[in-house]
Amino acid sequence: MSSPLIQCPKCRAWLVEGIFNQPDFTPCPACGVPLLAEAFPALFRKIAAGQSAEPVMVEGESSCFYHPEKKAVAPCDGCGRFLCALCDCLLHGQHFCPACLETGATKGKIKSLENYRPRYDEAALALAILPLLVTAPIAIFVAIRYWNAPGSIVRRTKARFILAIILAILQIGVWVLLFSMA
Amino acid sequence: MPDIQYKRLTRSRMAPGRLALAVRTRSSLWLGPDHLLRIDAENFRENYKRFYYRDIQAILVQKTDGFRNWNIILGIVVAGLFVLTLSLIASSGARWTSDTIGTVCFFGFIVALFVLILVLHIVAGPTCRTYLRTAVQIEELSSLGRIKMARHALAEIHPFIVAAQGGALSPESVVAQMREWTAPTAPAQAIAPTAPAATVAPTVTPSESVVSDPIVPPRINP
């Protein structure tokens, strides 16, 4: 993947130079499918080689928490442990150890590592719409229980929760009316 | 850490190939300050994938035949239903009962519905598949399924990528850089075939494990 050569998504033939950054669609030289290919400077950027940790040379020199024989280069911004060049993971200008990165990703502490969120508001709304006897109280429970739970990363309104509660109350009202009439 | 503000780039669109799994998956794109966010929403969960502007190497838009194919299919359906409705009107002649009026209205509604779908399809324009490449992956951006939308999205993303990567590439500079990249590898490729294959291949004794096919697991030769 480090090669700047790009394949045609249809026929997997290597794309020739004249196809890139053209104003309009250009046919693939192999299969003829029209392509619009925009290349950016990152395509030709050489990937820097990974750093190797240096051994501790002087007595009393700070060493890595995970590799005591290796020299520490930075403290972890999450837990404060000293890290060698191998364990030091740089994320948005902050140094993290692998354990803190894992914790940040699984517990959602580091926002940029969060890769999923459950949508309780949509679940509550779906339950409120579903016309079954037990779904309306469950919808109200879900809405109240997860009212403060983080919603979508892009939409931060409580509108679905509010709508779910209103619909669920209406549904319960209809059920009560039906049972009282029967 | 404060929440990141995102700007919507595309509306959520059904991801192709996911319908068969009976999972309602919808994909949308959002512009962040330093990354492009793809949200795949399935049932009651949102999956996020971030593409940092500094890491985006290329964006490929491949024109597909979906536009033409759907035009043909919808055209045939509309024409068929229209002929059916006309034949109903013709068969009823001068006697218009409430049943006939109801049937004609029903078919008229269905024809109008399909005409509306056809018009919306034509207005949306030709279809495409969009791919985004970084150093480690090639991802399809399924919410960019129309050329018009893909061009608009590309125009929106472009300034962010240029700002993050410190400039844009002209077609000439792409040619020059590709030649520069591929030039040093040429002598190595020329040398490679000169290595005799027979000397490289290990000699296999009867007691050793034999791997004749890379797919088949190694076996002990009796």
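Mentor: Start with chain B as a whole. In this predicted model, residues 24 or more positions apart account for 49% of the contacts in chain B with a separation of 6 or more. Chain B has six helices and 10 strands. Of its 222 residues, 20% are buried.

Now the sheet itself. Five strands form it, in the order S1(A)-S2(A)-S6(B)-S7(B)-S8(B). The sheet is open, and its pairing is antiparallel. Two strands sit at the edges: S1 (26-27) of chain A and S8 (138-140) of chain B. Each of these pairs on one side only.

S1(A) and S2(A) run antiparallel and are joined by two bridges. Thr26(A) of this pair faces Leu35(A) in S2(A). The two strands form a hairpin with six residues between them. In that hairpin, Gly32(A) has a positive phi near 85°.

S2(A) comes next. Five of its six residues are buried, so the strand is largely enclosed by the rest of the structure. The count behind "buried" is 20 or more other C-beta atoms within 10 Å.

Here the sheet passes from one chain to the other. S2 (residues 34-39) of chain A pairs with S6(B) in the antiparallel sense, over five bridges.

Continue into chain B. S6(B) and S7(B) also run antiparallel, and six bridges join them. Ile59(B) lies opposite Leu132(B) in S7(B). S7(B) is mostly covered, with five of its six residues buried.

Two of the residue pairings can be named here. Tyr131(B) stands opposite Glu140(B) in S8(B). Arg133(B) has Ile138(B) in S8(B) as its bridge partner.

39 residues of chain B are in contact with 37 residues of chain A. Several elements of chain B each supply at least two residues to its side of that contact. The strands are S5 (45-52), S6 (58-63) and S7 (128-133). The helices are H3 (147-165) and H4 (171-182). By class, the chain B side has 23 nonpolar, eight polar and eight charged residues.

Now look at the rest of chain A. Its domain assignment gives domain 1 (1-39), domain 2 (47-112) and domain 3 (120-181). The C-alpha centres of domain 1 and domain 3 of chain A lie 50 Å apart.

Helix H4 (residues 159-181) of chain A has 23 residues. From first C-alpha to last it reaches 33 Å, close to the 33 Å expected at 1.5 Å a residue. Its buried residues are Arg160(A), Phe161(A), Ala164(A), Ile165(A), Ala168(A) and Gln171(A). They pack against helix H2 (120-129) and helix H3 (135-145) of chain A. In general, an α-helix has 3.6 residues a turn, so residues three or four places apart point the same way.

Chain B has its own helices to check. H2 (residues 98-124) of chain B has 27 residues, which should span 39 Å at 1.5 Å a residue. Its end C-alpha atoms are 39 Å apart, which agrees. Just after H2(B), Gly125(B) takes a positive phi of about 90°.

Finish with one residue in helix H1 (residues 66-92) of chain B: Leu81(B). Is Leu81(B) buried or partly exposed? Leu81(B) is partly exposed, because 18 other C-beta atoms lie within 10 Å. Beyond its neighbours within four places in sequence, Leu81(B) is in contact with Phe107(B), Ile110(B), Val111(B) and Phe114(B). The C-alpha atoms of Leu81(B) and Glu139(B) are 40 Å apart, at 58 residues along the chain.

Notes: Residues numbered from 1 in each chain as written. Chains lettered and ligands numbered in written order. Predicted model: local features only at pLDDT ≥ 70, side-chain atom pairs only at ≥ 80, totals over all residues. Helix = DSSP H or I, 4+ residues; strand = E, 2+ residues; numbered from the N terminus. Expected span 1.5 Å × (residues − 1). Buried ≥ 20, exposed ≤ 12 C-beta atoms within 10 Å, placed from the backbone. Contact = placed C-beta atoms within 7 Å. Domains from an automatic or database assignment. Nonpolar A, V, L, I, M, F, W, Y, C, P; charged D, E, K, R; others polar. Pairing = 2+ DSSP bridges.
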